[in-house]
Amino acid sequence: MTNLQSIIYISGSGRSGSTLLERIIHSSDCVSALGEFHCLWRLPETDITCSCAAPFISDSFWQPVLKTAAIDASVLAELRELEDRVCRTSFIASHRFDIKSLRENRDVQHFLDIQFRIFEAVAGASGSSVLVDSSKAGPRAWLMACHPKVRIIHLYRDPADVILSWRSAKFDPGMGQEMKRMSVAAAATDWWKVEYLVKRLGKATPVARVDYGELCARPERTLGNALAALSLPTKPAPAWIDATSVKSKDNYHSLNGNPDRFDKGPIRISKREADWNKVGPAERLTIIAVAKVLGLMLPSSPSS
Ligand SMILES: [Zn+2]
């Protein structure tokens, strides 16, 4: 057995700042952040570039971890198949949004058991007692919450900023191409789905909330409050250099996320201001109107 104590799951919409958040938490001695962990079975292995810059198939961290956990191509296919079945809003709804009912489901148990084999192997290889999974997906937050070692952070970002970010081009060296761009409608639907599911989850189990804007304005206090709210057996202590920067730590093997995960050196925390010049006037008005409707449907609440 390893000393794995907790998994912090970050739930939020795409472009909500989860890579920044996980990099800050990873700077703590006791933590290893894994990036968007579900990419392990969602993406072909040739499409994964670890944040240490190694191609996944020859990564000196992940390959021994998978071997220890006895994960081969057939198990990854099984995870993919299980995910298709249980990691869905319709599946969560069929269990009446009830954690107890989900926890008793055999497929959910099996899905989590395989992943915890990997988490245990990661903890063994890294010596970390806390892992961070920033897959962000809303249905996944519900499934992860079924396990007693998992704690959930809800990362909130203003819908206008999120939609605008989806409309702006950004190059991803990990994928060797521009990051995916979504239509306004698809980005709005993605934001709404994740927000709805995590807000509803907050009524069933404790969820710590981090507002991206507040995190950038007051990083230490905002993250400190959220981590305190998670009641972790060992509380991560990020390596703050000053009020707005954190020392980066080696052994960062994030599977996927924002291209910032490849940056070395200190992590400077500052809000990425939305650049409205990247979209035309008509689209600008559409984004503002859509964001306003989303804000009315799911109003923001303060950070934990
Ligand atoms: Zn690596």
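Four donors count as tetrahedral if all angles lie between 85 and 135 degrees; four count as square planar and six as octahedral if opposite donors are over 155 degrees apart and all others between 65 and 115; anything else is irregular. Donors are N, O and S atoms within 2.8 Å of the metal (3.2 Å for Na, K and Ca), and sites may look incomplete because water is not among the atoms.

The model is predicted: local features need pLDDT of at least 70 and side-chain atom pairs count only at pLDDT 80 or more, while totals for chains, interfaces and linings use all residues. Residues are numbered from 1 along each chain as its sequence is written, and side-chain values use heavy atoms, with hydrogens and water left out.

**Zinc site**

The zinc ion has as protein donors Cys50 (SG), Cys52 (SG), Asp59 (OD) and His253 (ND1), at 2.1 to 2.3 Å. The arrangement is irregular because the 4 donor atoms subtend angles of 88 to 147° around the zinc ion. Along the chain the donors follow the spacing C-x1-C-x6-D-x193-H. Cys50 sits in the loop between α2 (39-42) and α3 (62-68) and His253 in the loop between β9 (245-246) and β10 (267-268), so that the pair links distant parts of the chain, 203 residues apart. Helices (H or I, at least four residues) and strands (E, at least two) are DSSP runs, numbered from the N terminus.

Buried means under 20% relative accessible area, exposed over 50%, and partly exposed in between (1.4 Å probe, protein chains only). Cys50 counts as buried at 0% relative accessibility, and His253 counts as buried at 10%.

Axes are lines fitted to C-alpha atoms, for helices over the stretch in contact, with angles from 0 to 180 degrees between N-to-C directions. Angles under 35 degrees count as roughly parallel, over 145 as roughly antiparallel, 65 to 115 as roughly perpendicular and the rest as oblique. A crossing is right-handed if the near helix is turned clockwise from the far one by less than a right angle, and left-handed if anticlockwise. Contact means heavy atoms within 4.5 Å.

| Helix pair | Axes come within | Crossing angle |
|---|---|---|
| α9 (residues 159-167) and α13 (residues 281-297) | 8 Å | roughly 140° |
| α10 (residues 184-204) and α13 | 11 Å | roughly 20° |

α9 and α13 are therefore oblique to each other, and α9 passes α13 in a right-handed crossing. Pro159, Ala160, Ile163, Leu164 and Arg167 of α9 make this contact with Glu283, Ile287, Val290, Ala291 and Leu294 of α13.

α10 and α13 are roughly parallel to each other, and their crossing is right-handed. Here Val184, Ala188, Trp191 and Trp192 of α10 meet Glu283, Thr286, Ile287, Val290, Leu294 and Met297 of α13.

**Helix α1**

Helix α1 (residues 18-26) is mostly covered, with 9 of its 9 residues buried. Leu20 lies in this helix and is buried, with a relative accessible area of 15%. Beyond its neighbours within four places in sequence, Leu20 is in contact with Tyr212, Leu215, Cys216, Ile267 and Ile269. Leu20 and Leu215 are 195 residues apart in sequence, and their C-alpha atoms are 9.7 Å apart in space.

**Positive phi**

Ala53, a residue other than glycine, has a positive phi near 90°. Ala53 is found in the loop between α2 and α3 and counts as exposed at 54% relative accessibility. Arg96 also has a positive phi, near 55°. Arg96 lies in the loop between α5 (89-94) and α6 (99-103) and is exposed, with a relative accessible area of 58%.
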